[in-house]
Amino acid sequence: MLGRFKRLWDAKPMKTHYDAVIIGGGLHGLATAYFLARNHGLTDVAVIEKRYIGFGAAGRNTAIVRANQRTQENLPLYKEALDLWPVLTRELDFNLMFYNCGNLNLAHSEAALKAMRLQVASAQFQGIDSRLLDAKECRELVPALDISDRPRYPIFGGMFHPPGGIVRHDAVVWGLARGAAKRGVHIHQGTSATGIGVEGGKAAWVDTDRGRIRTPRVLNAAGAYSAGLANRFLGQRLPISVLTIQAMVTQPLKPLLHHVVSSGAYHCYANQTLKGEIATGAHMDPWPNYTTQTTAHYIKHQAEAVTEFLPCLKGLKFMRTWGGLADMTPDMAPIMDGHSPAEGYYLDCGWGYFGFKSSTVTGKYMAQYMATGECPEILKPFALKRFEEHRLMGETAALVDYTANN
Amino acid sequence: MAFTITCPVCGPRDGYEFRFGGEDKGPRPEAADLTPAAWCDYVHMADSRPGVQKEWWVHRQGCGAWFTIHRDTVANQEVSLNLLEAAE
Amino acid sequence: MNRLKHLPTLRITPGAARSFTYGKHTFEGLQGDTVATALFANGVRVFGRSLKYHRPRGLYSLDGECSNTLMEVDGVPNVRTETTPLTAGIRVAAQNVMGRPELDLLGVLDAFSWAMPAGFYYRMFHRPARVWPLAIQQIRKAAGLGRLSPDFRMPGRFDEIYPAADVCVLGGGPAGLSAALAAAERGLRVILLEARPWLGGAFEYRAADDGDGVALHRKARDLAAAVAARPEIRVFTQAPAIGVYSDGQVTAFQRGGPDQSFDERYIEIRAAAVVVATGCGERPLLFEHNERPGVMQPACAQRLARTWGLLAGTEAVFSVGHDLGLEAAVDLFDLGLKVAAVADIREDGQDPTLVKALAQRNIPLLKGWVARKAHGGNRVTGATLTSVNGRFHRRLTCDLLAAAAGLTPATGPLTLAQSQLAFDPHTGYFLPRTLPKGLQAAGRLLGLESWAAVTASGRRAGLQAAADAGADCQAAIRESEAALRDLPGAVRGSKFVIAPGCGRKAFICFDEDTTVKNVDQAMAMGFDVPELIKRFTSAGTGPGQGGIPGHNLPLYVAQTGLSPDAHPRPTTARPPLVPTLLATYAGAQHDMSKRTPLHDLQVACGGRMERVGVWTRARRFTDDPRCRTEILNVRTNVGLLDASTLGKFLIFGPDALKALQRVYVSDMARMTPGRAKYSAMCNDDGCITDDGVVVQTAENDYYFTTSTARAGVTVEWFRYHTRYDGWCYHLVNLTDAYGVLNLAGPKAREVLSRVTTADVSNAAFPYMGYREMAIHGVPVRALRLGFVGELSYELHVPSSYMPALWDLLMEAGRLEGIRPFGLEAQNALRMEKGHLIIGSESEQRTTLHDVGLGFLWQREKADQRLVGAAALMQTERQPGRLKLVGFKMADPSGPPPRDGSPIVDARIRGYVCTARYSFTLKEPVGLALVEDGLAQEGARLAIYEDGCQGQLTHAVVTPYPFYDPEGRRLRQ
Amino acid sequence: MPSVSLKRVSPIALPGRPARTEECHGWPVVLSYAEEGGGPWVADLSHRPRWDLQGPDLDRQQPLGHTIPVRPGEVHLAGGLLINRLNASQAALWHLAGDFPEPPTDPALTEVTEATLCLALAGSRLFGITEKLTSLDLAAPGHTAPRLLQGPFGHVPCQLAVFPGPPGPPMLVFTCSRGYGHDMLHAVLAAGEEFGLRPAGQATFEKALTAHIH
């Protein structure tokens, strides 16, 4: 096992025709490619990636996984995603480093507790382990928490979700790429999509800066760039705002936090990576932009916020910040759709900051959708039509602050 | 990244003093004959193209004015209208 | 350890002893020492153990670029002892050590490094699957450097400042000082940031001269004095820049001390122009065991001697690739160090003066030679040198191996500021190819070395920055450029990275124990560009970030010829450039929240205060979380609620009505003087966002209230939705100008009539009436509303009179049994009455129709382009929506379901918004949002509470209001 | 019903020992504190009458008999009255010194005295204090006349009238929402501690204001 240093995937020459072309070498694209090949025998698949695989949100996320969403449309999807990590680790023979540490979400008001109760009970109803804790129980779980009245938002209680945890995001990218490539998928890095061709109402080709690829199936899984591509290539307008989301890590230290801790009131989470760093973040600059640069405003805000409920962290040092892009929809739920505006054109976007935890299961179902042409039942609620039908998903109860409409 | 927006009343200020008000989509349409699709297009849909766009901002922590600017969403920088016109 | 004495460059105060503890020892250092130099002076050579292999690590750079000298100081982990001033009484301990640093039991791991190749985590521990959870625990224990107790509380004073400047200069060496002076001479405000405690940069400790007989350290001090004399220049020492952003924003932190008002503070600067003059460091040399204690950078050894009077060894071997390295060898020899040999990577091109100086001292200079291996364990005992072609070797005995491949510019600030860097083959540096607007670079960073060139380049940059900041100085800039042209340009630099024939233990990243071999392994697996190699091998992701590996990784990768990056590309630097305490970032941490005028009075009455949005409010006034007495007192007597947080606004002007028509769903043209109109606002989804009352006070003149949550955005909302119309109307936010007392209960009128001469009879002041009245001369806006379902008066009182009014009413109502009530009591009372709270009985997707308030919508005002009208039309009869219903429990003797509990059958079909045991009705009642299929009266709701284990409780949809459905009590 | 004289309270209480006090229109006013020192000092002006003025034609208006400065950010100081131009259709009037004027009846004027906290800060090291509370460049050179900024101070939106001086010492008069009063004062006092910031009374403030009139 040791001592062999083979390439995880090989660069193959680009063909002029594939059975399916996936735009975007992120987690959703790679997972879809993998499942197309594995579950549907569709191995003549190309993944087109402008930079290198995992460059975008796949490598810039919180790496937190959990299945305690708010709505019953989302819950089963995320539950299945959570169950997939150990399965995929085995199947890909690549350690995805799923660290099942559990997630504690803090409530700082009666209203937050009520919102959590809906989440907890909904999860329990669907067979997902999730429970409400009082402040003392929170502190027993996370001794570093300050449950006194000192913080500006004292802790009222929390929602503990034992099946969640963190996964090594790069490992998922590399593992899926290796698994897909092994089954014949071509991964073309450094290749930009420049257009999508439609003939007779059907998707017919994808233009790239390395030439045209004819294909009957195109998946737009370009993450933050999905909406812009859809608009530029097909004139499709989407209800998406692309925001920069920032995160940071402290210098590494010996085990201190044994769970993911997050707080809605303070807009932040904290967890300790396997390397010992405290990773923390969650702020989004509430205006659309495509830079992945970080801001002075935010790192300061984050230090103020996280040390309110985890005051011992004041003795740590931030050593790195980074930014990623989140494609936000008005209801904080994704858009998964197909055959509009052209048959054979599929869309998987709007994941906001939930795109990591759901990536593998989404790939599985999007692969099914693309292979059969029929939308799997579980994806149907996520159609684009819901916006004009006045049926927002309700994944967030409160008004969102990044659209002008609230 | 720092972010500066030029408020027509207060001048250049830190971007965090402002709130984003959406792509400029023009005046409100009449409600009466609006199809759901047309309504949705006005209310929710956006071009979301990386690049320069005209958009609304409000100086929330300052004078409270609503105004439009042109901004390059790739660099996250305000673009002066004169430069834009010169480029066109 | 004896210190060198009488050097003009020393920064220690002999005789000023500072005692401190290290582990079990008590040591003494001197004022001016860093923690690391004090330890070194006391003989400490092994400062800690490396992350993965637990290799001994010692002093290497003195600039904190790696984790070698991170230690625990006074309970704070990962303190960079190299840059931390020694203070008396501190407690220092080594980190990541089992045993003591010199004898670490885990040091045995070093022998198993073969088992931990690049990316080994991804390929191990997952077969069989049950191994992994156990492995995680071991990995976690092994990872990480310091320890922090969960109960740790950071001592010290932290602060923040936001100074503004025209020009901000990064770096207090001669280039930065010259830049600051040049800009100051133009009358500009300058801020200069220097990480060290003194100015002068790499010149302030050098005894050499430029041929004019004046030592460089003297020149540096003179220049620093000139800067100190300029009032326009504000110098921050001990203040490393940590972030450089666009638009001239620079962040830094500054270390303070007992003489300052802070121990550490955050600095955020806005400048019109920024000059980066951060100079150079020494580029690490890659060879076998290149991080053994006793291997250090030549400048490190030189500064130890010159600044702190410490000779780093007795006998040294130098392996360098730059003249400064030769200069260090000569200087240290003169200070008493034996120098066995100096290997210079360069075959030729050395400064002849330095070659001569070495010869005069009988120090062998081996041109075209380099260190290949350091010998020894806890400290260096010898070095093997090799010719750069690898053909010849020579082993020498030494206890100090001063090694560097050459110089490397400190480009971090440039990268952060988004300047494009390109590899320059002449200097071997990444040099700025383009600089963003308002950014200038100067000094050694550009490859300049001589005093004259460095200062001239600083002057030029300072003038250019002044021009960027708006000063008119084009002529001076041209002059400075001409001057610079006449001076020596960038010097040729070494591109040499790795010694030939070195083995498996040449470390490219000290922090992560990443060897060159690991890089090779990663590249073989397809990770062929530096950014991916960093991700796969962790190189450069440790506490020092890109510090050590950042310089060599791109050069090494390019040299392999295996990467698509044929030309070296710099790795990404990200803020903070210097790891910064969260305590420092948090700074003053002012907590700004709003208090009502009655805050103190309510606390005095036993009010339990809570943060609700931006406000602090009283939740209840007794220990009873259900607030029984508060509730019943309102139902039977009279209660007083502080409702000051309600939004209160004036709107006036010729188009005021149009604006109201745009945002309120009702027809605001139909208002009756003296009467309040209840209405709601929707967003464009038709979803309810706000409710409140509107009163017309004169023609084109209205007063209205909003919910607490929406008060802050109301003006913005009006203006946004009328932004294309050019209407003339004016809004005044009076939310804080008036406090609000809600006097509610059947005896409210009696109480009110005791404090005012105004006629408050039912006829004169009926339900939904609005009156402006005086209470003992205080002008009060009074509204007769009934949110809690009783006769009640909402008194809007000028804020300054609120405490007086509260006292007055409490006194006036004594006979009636008046008592304060809080938010919880109000919540229960209004729920019994079926009044909703937006956000509680609605969510983001809940329309006006869904909550049963569709009747408020005046559909005939389509011409007003009402916000939400289209969606209200389209959803009016839409099936399958969640609707607000009332319910009672199937078993009224049971408890009410908890708020938020889902309502289910085979799936989730709604949830409980608010449910309480009603002390008034003597049974539980509640409001829920349920699918319309369940919304008919009598429908049975199955409630799934958390932890119920499938034991559902049942409720029945019941019409609401539950309490006083005819509204008689409001009108009594 | 016997009429009671109701007391008014400021949103804050400065932590000092009042030396001279008076009552003014129901407000208890501290004229001076014991040990005021030579500055920097902070004075509570929350009791001074303030109006919001809005209208389409401000240039033709003469509230309380004074003209309104033309450009946003400009400030006129006439006697004890400060008129701040906020934008095209809005101005703020702060009556900072002297006898309270008759309340104007013009509907374009809304009294907002109670809506805000109003503090004055002054002293030679004023900007050392303010730079701890705002990133707005209050000390920007090139300004000799007083000017008005609208922006965050202590993380809260404020209207800030800056008197750079000379002749008077640098002075700042600012308002923020009354509800923030308690925390704002706390932040100001904390920021001023290292500079020896002390409370001062109305008389001290009036003296400083007078200095700026010339």
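**Strands, bridges and contacts**

Reply: In this predicted model, strand E17 (residues 317–328) of chain A and strand E32 (residues 580–581) of chain C run antiparallel and are joined by two bridges.

Me: What makes the link between Asp93(A) and Arg127(C) a salt bridge?

Reply: The rule wants a side-chain nitrogen of Lys or Arg within 4 Å of a carboxyl oxygen of Asp or Glu. Here the closest N and O atoms of Asp93(A) and Arg127(C) are 2.9 Å apart, and therefore the pair qualifies. Between chain C and chain A the count is eight salt bridges.

Me: Which helix gives the largest share of the side of chain C that touches chain A?

Reply: That is helix H3 (residues 131–142) of chain C, from which seven residues come. The residues on this side of chain C divide into 49 nonpolar, 33 polar and 31 charged.

Me: How many residues take part in the contact, and what area is buried between chain C and chain A?

Reply: Chain C contributes 113 residues and chain A 96 residues, while the buried area is about 9,200 Å², with carbon and sulfur atoms giving 56% of that area. Of the area that chain C buries against chain A, Arg140(C), Leu582(C) and Gln844(C) supply 10%, more than any other three residues.

Me: Turning to chain D, which six strands form the open sheet, and in what order?

Reply: The order is E10-E11-E12-E9-E3-E13 (chain D), and the pairing is mixed.

Me: Why are E10 and E13 of chain D called edge strands?

Reply: Strand E10 (147–153) and strand E13 (198–200) of chain D each pair on one side only. Neighbouring strands of the sheet are turned by 30° against each other on average, direction ignored.

Me: How do you know that E3 and E9 of chain D pair?

Reply: Strand E3 (residues 41–44) and strand E9 (residues 116–122) of chain D share four bridges in the antiparallel sense, and since at least two are required, they count as paired. Within E9(D), Ala120(D) is the bridge partner of Ala43(D).

How values were computed
Residues numbered from 1 in each chain as written. Chains lettered and ligands numbered in written order. Predicted model: local features only at pLDDT ≥ 70, side-chain atom pairs only at ≥ 80, totals over all residues. Heavy atoms only, no water. Contact = heavy atoms within 4.5 Å. Buried area = accessible area lost by both parts, 1.4 Å probe. Nonpolar A, V, L, I, M, F, W, Y, C, P; charged D, E, K, R; others polar. Axes fitted to C-alpha atoms, helices over the stretch in contact; angles between N-to-C directions.
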